[in-house]
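Student: I have a model open and would like to talk it through with you. Could we go residue by residue where that helps?

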Amino acid sequence: MKIKWYRNGALVDSITGNNTGTFSSIKQSDAGIWTVKVTNPGAPLLTLQSRQITINVQSSCRLRDSIALIDF
């Protein structure tokens with residue numbers, strides 16, 4: 001079985017083959033529209049594809065607060 005993850009239509013090599021889709025730590029660059037495609041050599045004409053999943057990543061309040069304090 002092959003599992004391939006895509007963000008905004010582009011293959012994400014760093015998590016290809018990862019069947020959990022777990023992020024070790026989420027960052028701003030992880031935001032986007034995600035899909036996953038699953039193929040199996042035993043059924044070469046079959047490809048399963050997920051619905052689109054949108055991930056939005058907002059900067060933390062602590063970071064915004066610390067930047068505001070620096071500006072102050």
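Student: Is Thr35 buried or exposed?

Tutor: Thr35 counts as buried, because its relative accessibility is 12% and buried means under 20% relative accessible area, exposed over 50%, and partly exposed in between (1.4 Å probe, protein chains only). Before we go on, this is a predicted model, in which local features need pLDDT of at least 70 and side-chain atom pairs count only at pLDDT 80 or more, while totals for chains, interfaces and linings use all residues. Residues are numbered from 1 along each chain as its sequence is written, and side-chain values use heavy atoms, with hydrogens and water left out.

Student: Where does Thr35 sit, and which residues is it in contact with?

Tutor: Thr35 is placed in strand β3, where strands (E, at least two residues) and helices (H or I, at least four) are DSSP runs numbered from the N terminus. Setting aside neighbours within four places in sequence, Thr35 is in contact (heavy atoms within 4.5 Å) with Lys4, Trp5, Tyr6, Gln49, Ser50, Arg51 and Gln52.

Student: And Val36, what does that one touch?

Tutor: With the neighbours within four places again left aside, Val36 is in contact with Ile3, Lys4, Trp5, Leu48, Gln49 and Ser50.

Student: Which residues make up the largest nonpolar core?

Tutor: That core has seven residues, namely Ile3, Trp5, Val12, Trp34, Val36, Ile55 and Val57, and the elements giving two or more residues to it are β1 and β3 (32-39). A nonpolar core here is a set of buried Ala, Val, Leu, Ile, Met, Phe, Trp, Tyr and Cys residues joined through side-chain atoms within 4.5 Å.

Student: How many aromatic pairs are there in the whole structure?

Tutor: The search finds zero, where a pair would need the ring centres of Phe, Tyr or Trp (its six-membered ring) to lie within 6.5 Å, with planes under 30 degrees apart counted as stacked, over 60 as edge-to-face and the rest as tilted.

Student: What sits over the ring of Tyr6, then?

Tutor: The charged end of Lys37 does, 5.1 Å from the ring centre; the rule asks for NZ of Lys or CZ of Arg within 6 Å of the centre and within 35 degrees of the ring normal.

Student: How far is Lys37 from Thr47?

Tutor: Their C-alpha atoms are 6.6 Å apart in space, while the two residues are ten apart in sequence. Thr47 lies in strand β4 (residues 47-49) and, beyond its neighbours within four places, is in contact with Lys37, Val38 and Thr39. Thr47 is partly exposed, with a relative accessible area of 44%.

Student: Switching to charges, how many salt bridges are there?

Tutor: The count comes to one, taking a salt bridge as a side-chain nitrogen of Lys or Arg within 4 Å of a carboxyl oxygen of Asp or Glu. The side chains of Asp30 and Lys27 form it, at 3.9 Å from N to O; Asp30 is buried at 6% relative accessible area, whereas Lys27 is partly exposed at 48%.
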